[in-house]
Amino acid sequence: MSNIASFDEFETDLQIDAHHRGLPRIILEGPTDLWLFRDVWFTNYLAKFEFMTASRLVEAEGCTAVPVAVEKSWEEHIPAFGILDRDVYFRRKRWDALYEREESRFRAFEADDKLFVSEFWEIEAHLILPEMLAPWVIGCSRDPIQFGHLAADALNRSLEQCEVLFEAAPYLAATHFDGAASNVTFGELPIDQVQTICARKIEKLSEPAQAQARMVSEFVNAIRSEAPEDMASRLRYYLKFIDTKRLLNRLRAALHLHPDRNNQNVLAALMLQKAEEPREFAHHLAQLVERVATAQ
């Protein structure tokens with residue numbers, strides 16, 4: 001795939017200028033990441049970086065494509081830096097990295113200084129801010145009159161859904177270890193039923209996979225034991241270790257949100273209104289600006 005883009009691929013003159021000036025590139029996993037970085041969070045960086053998806057440079061997308069695209073860009077003599085979601089360690093079956101609780105030790109797993117791995121499981125986790133939950137529920141309620149009271153209970157219900165998904169984590173990891181993908185979300189099932197289903201499913205897996213499930217269970221128990229008491233802080237802490245897409249699917253049901261409303265769009269709009277941006281990404285981009293300036 002050529003790295004020469006058509007003007008039709010750009011939305012502003014600034015983006016065209018960035019491409020043709022050969023600005024350093026920020027390589028992202030997919031379209032959602034690009035939209036959030038370029039159009040919602042970091043418009044102030046459009047004169048410093050060209051944000052793009054990995055698929056612009058290589059015939060692939062997602063976490064496996066980002067490192068390849070970064071290297072291809074450097075081969076073309078354009079500096080590039082990749083940003084990955086934490087769940088890259090799920091794909092790599094690195095449970096020790098995936099469930100590492102201490103930030104400095106988590107950062108030690110990054111072997112390539114051209115790649116940055118987010119603290120949070122997926123890009124969507126940065127949209128789930130505790131203070132945004134109530135307006136999100138109010139704006140997306142299936143029936144504001146009948147379910148409007150859930151806005152005040154949104155934080156508590158979010159934590160409950162995290163607990164359910166923690167119960168599923170050992171099974172999902174073990175299934176992945178055995179070479180199978182599981183798309184199960186467990187619907188609206190309560191935590192005790194999810195526990196029972198996962199235990200039965202784990203029993204049918206290979207012994208090595210069962211050992212992986214036990215290992216992940218120990219990691220999850222440690223995470224829970226160290227969770228902050230404050231509910232808002234606990235949610236932000238849990239979002240590092242929870243499959244965010246599964247969580248959003250469960251929250252749609254638990255909070256009785258309208259099935260046709262787009263969670264990402266509404267949550268992103270709320271962040272845009274408040275001029276909120278993910279702190280870890282803002283800090284990382286600021287460091288990259290200094291790094292590129294020093295190298296010139």
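1. Asp-96 has a relative accessible area of 32% and is partly exposed; with a 1.4 Å probe and protein chains only, buried means under 20% relative accessible area, exposed over 50%, and partly exposed in between. The side chain of Asp-96 meets that of Arg-94 in a salt bridge, at 3.0 Å from N to O. A salt bridge here is a side-chain nitrogen of Lys or Arg within 4 Å of a carboxyl oxygen of Asp or Glu. Arg-94 is also partly exposed, at 36% relative accessibility.

2. This is a predicted model, in which local features need pLDDT of at least 70 and side-chain atom pairs count only at pLDDT 80 or more, while totals for chains, interfaces and linings use all residues. Residues are numbered from 1 along each chain as its sequence is written, and side-chain values use heavy atoms, with hydrogens and water left out.

3. Arg-38 and Asp-39 form a salt bridge in which the closest N and O atoms are 3.4 Å apart. Arg-38 counts as buried, at 11% relative accessibility, whereas Asp-39 counts as partly exposed, at 28%.

4. A further salt bridge joins the side chains of Glu-207 and Arg-214, at 2.9 Å from N to O. Glu-207 is partly exposed at 46% relative accessibility, and Arg-214 is partly exposed with a relative accessible area of 46%.

5. Side chains of opposite charge can pair when their charged atoms come close. Across the whole structure, a search finds 21 salt bridges. A network of salt bridges links Arg-25, Glu-50, Arg-56, Lys-72 and Glu-76.
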